[in-house]
Amino acid sequence: MQTDPSTRSADAELSSGGEFLAYCEDAFAVARNAGKALVRLTIAAPVAPLLSHPQGTMLWSPPAGNQVVGSGQAKTIVGHGTTRYEQIKAGAEELWAQLCDVPHPSAHGERPRLFGGLSFAPDKATGAWSNFGEGLFWLPRVLYGHGVDGAWLSLSVPSDGSPADAATELTEAKQRLRLADAAPERQAQIEHAEHLAADAWAQRIEAIREAIGTGTVHKVVAARSSRLHFRDGIALRPALERLSERYPDCYCYAFQLQDVTFVGASPETLVDKHGLHVSTQALAGSIAADLENADEVLLGSSKDRHEQDMVVRAIASALEPLCKSLNFEETPIPRTLRHVTHLCTPIEGELAEAKHVLDLVEALHPTPAVGGSPAATALQWIADTEDSRGWYASPVGWFDAEGDGHFAVAIRSALFTGNDALVYAGAGIVADSDPALEYLETGLKQRAILDALGILG
């Protein structure tokens with residue numbers, strides 16, 4: 001990947017159509033002269049609501065850092081089976097070698113990134129999940145983002161195309177941002193809902209507890225989904241805006257492939273890597289946030305502390321062979337979200353040598369917070385007793401040409417298809433788990449999506 005900014009002054013503005021076209025022509029010439037198949041142009045843009053772009057098909061809004069929304073796919077990379085991580089890294093290397101990044105000096109954007117995710121398990125996706133596959137990342141054709149340094153628009157297109165067409169596409173995208181208006185509020189009207197029956201859930205949990213009692217497994221994260229059918233469809237943009245507003249301390253994300261969209265507001269970092277620095281967290285144990293003295297009750301729960309410790313130890317075991325230092329506190333801290341309080345243990349480390357963030361994702365996923373322990377036994381249990389999770393509880397996020405990246409665990413999520421929403425939630429089952437309480441916990445976790453749809457008020 002090559003970066004060769006325009007020689008115009010860094011304070012220059014694209015003040016006229018002629019100057020704008022000249023910048024695009026220069027960028028295309030740089031890419032062609034370098035023998036690159038793709039060119040990425042980036043210009044300064046007005047600060048507007050993140051979801052102003054009407055064709056947005058990808059949203060990444062983390063608790064801190066730049067927020068972006070993208071549309072279209074300039075290039076896609078897929079991975080399949082047990083070698084999907086290696087396939088994605090190899091495909092990305094080919095893409096970076098084809099890409100020429102030529103930002104305008106007045107723009108304050110970020111380096112090119114690939115956005116996407118992987119399925120929970122490397123199994124063939126079926127049904128509504130078939131568009132997503134086992135591993136899929138893409139370079140958005142159009143990307144709008146903003147952060148502390150301002151806002152920007154990027155366009156990634158083939159370098160053998162027309163600079164004039166690229167200039168027109170960027171200009172129109174910028175105009176749409178200037179004309180953006182608020183999305184209308186709309187109350188979702190549920191026509192009917194299908195939930196896993198409480199007694200069926202209890203039977204599943206009791207079976208897990210019996211396996212724990214025999215020593216077959218120590219913990220299994222059981223998940224259930226609820227299918228909601230809406231009378232007049234789902235208004236996606238207001239739902240995403242509501243999700244971002246109500247859960248600013250979570251990773252709000254959306255990935256749309258054809259007519260299916262995966263949406264969520266996850267509180268859980270899987271891994272954040274920059275250079276040799278790596279950070280993650282263990283997040284387990286749950287209690288209703290509005291319960292009196294919720295923090296003290298959760299910290300005093302031997303069941304939740306045991307569950308949390310299991311996650312911490314598994315993460316440390318995965319990262320310690322890769323790190324020269326790894327630091328975390330023995331006592332977790334309560335982390336309160338809108339409806340649920342969790343136990344959280346931040347973990348920071350320094351890698352012993354350079355690694356791609358996908359190497360860390362592969363080492364960590366799935367943690368006992370979404371899979372169980374021992375991992376292989378728990379995952380087999382999940383495969384035998386649940387429908388395919390698709391991208392639920394999977395790694396979603398981005399990575400760049402340096403191998404840096406940021407991934408969340410795709411919980412508090414739903415799959416939207418037409419008039420239906422498949423809303424997911426899970427609970428960690430250990431020896432003293434109560435099926436009725438775990439059923440209530442999964443209901444609490446589904447409230448993030450119900451909030452977004454305007455159902456809870």
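This is a predicted model: local features need pLDDT of at least 70, side-chain atom pairs count only at pLDDT 80 or more; totals for chains, interfaces and linings use all residues.

Colleague: Why are Trp138 and Phe255 called an aromatic pair?

Modeller: Their ring centres lie 6.0 Å apart, and the cut-off is within 6.5 Å, so they count as a pair. By this rule there are 13 aromatic pairs.

Colleague: What makes the Trp138 and Phe255 pair edge-to-face?

Modeller: The angle between the planes is 90°; over 60 degrees counts as edge-to-face, so the label holds. Trp138 belongs to strand 7 (residues 135–147) and Phe255 to strand 11 (residues 251–257), 117 residues apart, and the pair thus links distant parts of the chain. Both residues are buried. Trp138 and Phe255 also belong to one aromatic cluster, whose members include Trp129, Phe262 and Tyr424.

Colleague: Why is the charged end of Arg113 said to sit over the ring of Trp398?

Modeller: The distance from the ring centre is 3.5 Å, and the rule asks for within 6 Å together with a limit on the angle to the ring normal. The charged end of Arg224 likewise sits over the ring of Tyr439, 4.0 Å from its centre.

Colleague: How do you know that strand 8 pairs with strand 2 and with strand 7?

Modeller: At least two bridges are needed. Strand 2 (residues 38–45) has eight bridges to strand 8 and strand 7 has six, so both pair with strand 8. Each of these pairings is antiparallel. In strand 8, Ser154 is the bridge partner of Thr42 and stands opposite Leu143.

Colleague: What makes strand 8 mostly covered?

Modeller: Seven of its nine residues are buried.

Definitions and conventions: Residues are numbered from 1 along each chain as its sequence is written. Side-chain values use heavy atoms; hydrogens and water are left out. Rings of Phe, Tyr and Trp (its six-membered ring) pair if their centres lie within 6.5 Å; planes under 30 degrees apart count as stacked, over 60 as edge-to-face and the rest as tilted. Helices (H or I, at least four residues) and strands (E, at least two) are DSSP runs, numbered from the N terminus. Buried means under 20% relative accessible area, exposed over 50%, partly exposed in between (1.4 Å probe, protein chains only). A charge sits over a ring if NZ of Lys or CZ of Arg is within 6 Å of the ring centre and within 35 degrees of the ring normal.
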